[in-house]
Every structure is written in structure tokens, then in C-alpha cells.
Amino acid sequence: MLTFKHISIEQRESGRELLHDFSFTLRPGDRAAIIGEEGNGKSSLLKLICEPDALRSYCRVSGQVDLQGGLPGYLPQRPDPALLRMPVQALFPDGPDYSLLAQLSVPPEAPFAQRPLFSFSGGERIKLLLLRTLMREPDFLLLDEPTNDIDLHALRWLEQFLLAARVPVLYVSHDETLLERTANVIIHLEQVCRKTKAQHTIERMSYSDYIERRRSALAKQEQIAAKQRADQRAKEDRWRQIYQRVEHEQRVISRSNPGGARLLKKKMHAVKSQQKRMERAEEDFLDFPDPEEAVELFFDPTLHFPNGKEALSFTLPKLQVDGRLLSQNLQLTLTGPVHAALVGDNGAGKTTLLRTIWEQLRTRTDIRAGYMPQDYLTVLEGDKTPVELLWDGEGKESLTLARTRLGSMKFTVEEMEQPAAALSGGQQAKLCLLKLLLGGCNVLLLDEPTRNLSPLTGPVLREALRHFGGAFLCATHDRKLVSEVCAEVYRLSPAGLERLPVDHYDF
């Protein structure tokens, strides 16, 4: 078993507490999912076990971790740069486990490649590192975003692997479908009170049951908080009437009635004491809930793309990267306000295809195109703050709008003034979405838009895209995004693009 005892983690530079007095035991049979927004300490909790020196270089840590002699198997979210530069063959000096190789859908020649690990696609890298981790036969698994970039086949395999795992698993994930199907323990790390207070919740239940219980608890908290304040206003109104009456009686009482004046003075003292009691009672009121999913993301409801107009017409004989042929005979036409998904295996070239399409779309003057890449800093100037990136420089009104929109996406005042390069991946993703929103774009290219968002924020983005009046093409492995939002699905393969029936696509 793995045990955390009274763990607290605080960032050295900012003084921000990520985790406060956290205690938890990972038991046999546990599939414990850590959820929460980017920057809330999920990766830090896993690093405390496997990379404690690296964590302590930028965080203060108190408490104790007890591995009880177990061997952890760790899959980090961001592998060591030295590891990424190694030829893949060096990762498997004794050769691969061919059974796992096949289950992960890794090409049999990949573990023998002389190419460095970084030259593979994101999903291919994760599969190879997961293969390496599993071959060590650990006593428990620590997986930090294992679903990032892996394709649908590998997602299904990972689900089955987690369900059948003979060792307990502690994992971080943003994939709602994976969470719904595999987790039996939920660890929710939050930053509340405008990200000034660390809070955590541990529930031994499924993700769906946790979300339902959370919604019910938040609704009850809101109801109680509203009633407390309504009752307080009624008490204050009654108190104010009494105060004004006593104050009036004190002004008009005759000097010839000193006894009455003394009684009124005592009465006024009692009235003021009642005011202090009400103020003290107000300190114990429940706060209105301010959960991470309470973000506001919506596109201009008046934005509409004409039904007969061509949003995209693309033809490419060959799709290549670094001299390698990825696909050929590519043809894609999107008309009207269509919401389309681009799916395919890892390494198929979806990101390369979107970049190629973007180079064509960005020159068109008859549409207003926008692009959200996986590497956000290719479209965000990393040295500028979020406010500078959203403000058009045209006066106080647009500056206020920029700050208001950032606030609605849970940016703190401090985050609004940080360089974009210093923000978490989730905040950079939100910033990209806000730029598209404020830019009035009517044709969007989105490359894995949900990959860095909390699973509690994912539904908000899906709802916004569902009501988007323009056209978009979205490369994604997010099954909920495809099934709930997209009317057309295209699969990229070496032979080209194939349109799939959405209702027959296996999610």
C-alpha cells in the first residue's frame, strides 16, 4: 500500500498552497483518479513519490509518504528531456514485451528505432513510455495524464487495463469517459476563495456518482447561503425600524423625564448589541459556491455562417513530415456551419494536416478563421500578459471587457498580469479560446481543445461549441466531444480521409 500522511505542499516563489493536510491510503483494488484544474497540485502529488528532489526545488513540503517497500511504476506528464533525446531502442535493452506491444497497438519495429523519442508523435511517445513502465512489473502505478494524445484504440485498451489491473493505480486524467468507466475513488484538488485556499475531497465512489453528489451539495450550499442572507436582510430591516424609532424617541423626549431617557438609553444599548450579534452571525454564513466548473464560455449568439457557403475546400496529393509520407489523396469540403471532428491513430498526421489547412485558411478574406494548436504559444505571444493579448488597445471599455472575460474563466488578478508563457497549460488553453471568442471567428480549426482542461470544465466547452454558429474542424480523441457536439466525423489514414457515420462510430 501507499500512504500519504498530513501532506502539505506550498510553492516557494508565490507562497500559494497547493495541498493542505492531505492524508490518503491507496489500497489493493483502488483505481484512484486525481481530478482538478491545471496548477492545482495533481502532478506535484505524484512527483512527491517519484521525483521528490525535483518537487522540493520549487515547493515546500511537509508530511510523510510511506511506500511500505513497494516499487512504483511512474508515467510522468512531461518526460525528462534527456529521456526524450534517447534513441527508442535504448529504452528497451532487452527487447519489448510483444504481448503488451500488440495490445497498445505499437508498431513492432518502434521499440527498435534509432530515432530519438521526441521525434515520435505525442501519443506514440506515451504508448512507448507506458510500455516501458509496465514491463518493470511495479507494485502500484502512478500515471500522470496517460490519456494525453493517445488514440481511440489505446484509450479502450487503457480502460480495460485499468479495470483488470492487479495492482492499485493512482492516476491523473482529464478524460471524462475514462473516469466514468474506470475510477472507483475520486480525489478532487481545488483552489477556492479566488485560488487563495487549497481544498481537497476524497470519495470512494464512481466519477458519475461523485459528480451527482457534488452537484447536489453545491445546489444545497447555494440554497442555504441565499436563505441565510435573505433572513439576515429581513432581520436588518426590522432592526433598522427599531433603531430609527428609538433614535427618534431619544430626540423628542422631554428633559423633564430623566427616567424615560435612561430607559431609552438602555434600549438603544440593547439595539446596538443586537446589531453586533447579527454581524457576528454573518461571519458564520456559508459562502456561495465558486466551483471550478463555474466558468463562462460562450460565442457571440448572433454569429451565423451561411448554409450554402463553403467553409473549407481542401485538396492535397501528399501529406508529409520530415520526408515521411503520412497520407495521400486528401480531399475535404465543409459547407455551412458544420461541426466536424478529425480522428485517427497516433502519428497519422492530424496535427500536421490542421497546420497545412490553417496556412490556407488564414489568407482568406471572405471568412474570419481562427486556430487553436496543441502548442498554445505558437499563437500566443508568451511575453505578453493575458490582458495585453485580449485587449485591443481601444480604451477603457475594451480593457474592462478583457478583464471581465478573463475573470469569467477563473483567472485571478495575478494570473491576468503574468506572462502567458508562465501560465499553466489549462490557463493557456482558456486564453486561446477567449482570443477566438473575442475575435469573432466564424471558422475554427481546433487541435485537441480539451486536452488540458479539467473534466469539470469540459462540459462547459462542449456546450459552447454545440451552440457555436460557425463552422469548425476539431482534431480530438475526446469521445464526449465527438459524440455530443460533432455532426460529421473524418478519419485520417495513410489512404486519405474517410467520412464515418457518427452514430456508427464506436465511442
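Lys276 is found in helix H9, which covers residues 258-282; helices (H or I, at least four residues) and strands (E, at least two) are DSSP runs, numbered from the N terminus. The model is a predicted one, in which local features need pLDDT of at least 70 and side-chain atom pairs count only at pLDDT 80 or more, while totals for chains, interfaces and linings use all residues. Residues are numbered from 1 along each chain as its sequence is written, and side-chain values use heavy atoms, with hydrogens and water left out.

Together with Lys272, Arg277 and Arg280, Lys276 forms a positive surface patch. Such patches are made of residues with over 30% relative accessible area and no salt bridge, like charges being joined within 9 Å and nonpolar side chains (Val, Leu, Ile, Met, Phe, Trp, Tyr) within 5 Å. Lys and Arg count as positive and Asp and Glu as negative, without His and the chain ends, and the place of a charge is taken as NZ of Lys, CZ of Arg, CG of Asp or CD of Glu. Accessible areas come from the Shrake-Rupley method with a 1.4 Å probe, and for residues only the protein chains shown count as cover.

Lys276 counts as exposed because its relative accessibility is 52%, given that buried means under 20% relative accessible area, exposed over 50%, and partly exposed in between (1.4 Å probe, protein chains only). A negative surface patch is formed by Glu279, Glu282, Glu283 and Asp284. Of these residues, Glu282 is found in helix H9 and, at 40% relative accessibility, counts as partly exposed.

## Salt bridges between parts of the chain

Side chains of opposite charge can pair when their charged atoms come close. With a salt bridge taken as a side-chain nitrogen of Lys or Arg within 4 Å of a carboxyl oxygen of Asp or Glu, the count comes to 24 salt bridges. One of them joins Glu159 and Arg181, whose closest N and O atoms are 3.2 Å apart. Because Glu159 lies in helix H6 (residues 152-164) and Arg181 in helix H7 (residues 176-182), this pair ties together parts that are 22 residues apart in sequence. Glu159 is buried, with a relative accessible area of 3%, whereas Arg181 is partly exposed at 41%.

Another salt bridge brings together the side chains of Arg462 and Glu176 (2.5 Å, N to O). Arg462 lies in helix H15 (residues 458-466) and Glu176 in helix H7, so the two tie together parts that are 286 residues apart in sequence. Both Arg462 and Glu176 are buried. In Glu417 and Arg403, the closest N and O atoms of the salt bridge are 2.7 Å apart. This pair links distant parts of the chain, with Glu417 in the loop between helix H13 (413-416) and helix H14 (425-438) and Arg403 in helix H12 (residues 396-408), 14 residues apart. Salt bridges that share partners also join Glu176, Arg462, Glu463, Arg466 and Glu484 into one network.

Strand E12 (residues 339-344) is largely enclosed by the rest of the structure, because six of its six residues are buried. In a regular strand the side chains alternate between the two faces of the sheet. Both faces of E12 are covered, with His339, Ala341 and Val343 buried on one side and Ala340, Leu342 and Gly344 buried on the other.

Two strands pair if DSSP finds at least two bridges between them. E12 pairs in the parallel sense with strand E15 (residues 471-475) over four bridges, and Ala341 stands opposite Cys474 in E15. E12 also pairs in the parallel sense with strand E16 (residues 488-493), over five bridges, where Arg491 in E16 is the bridge partner of Val343.
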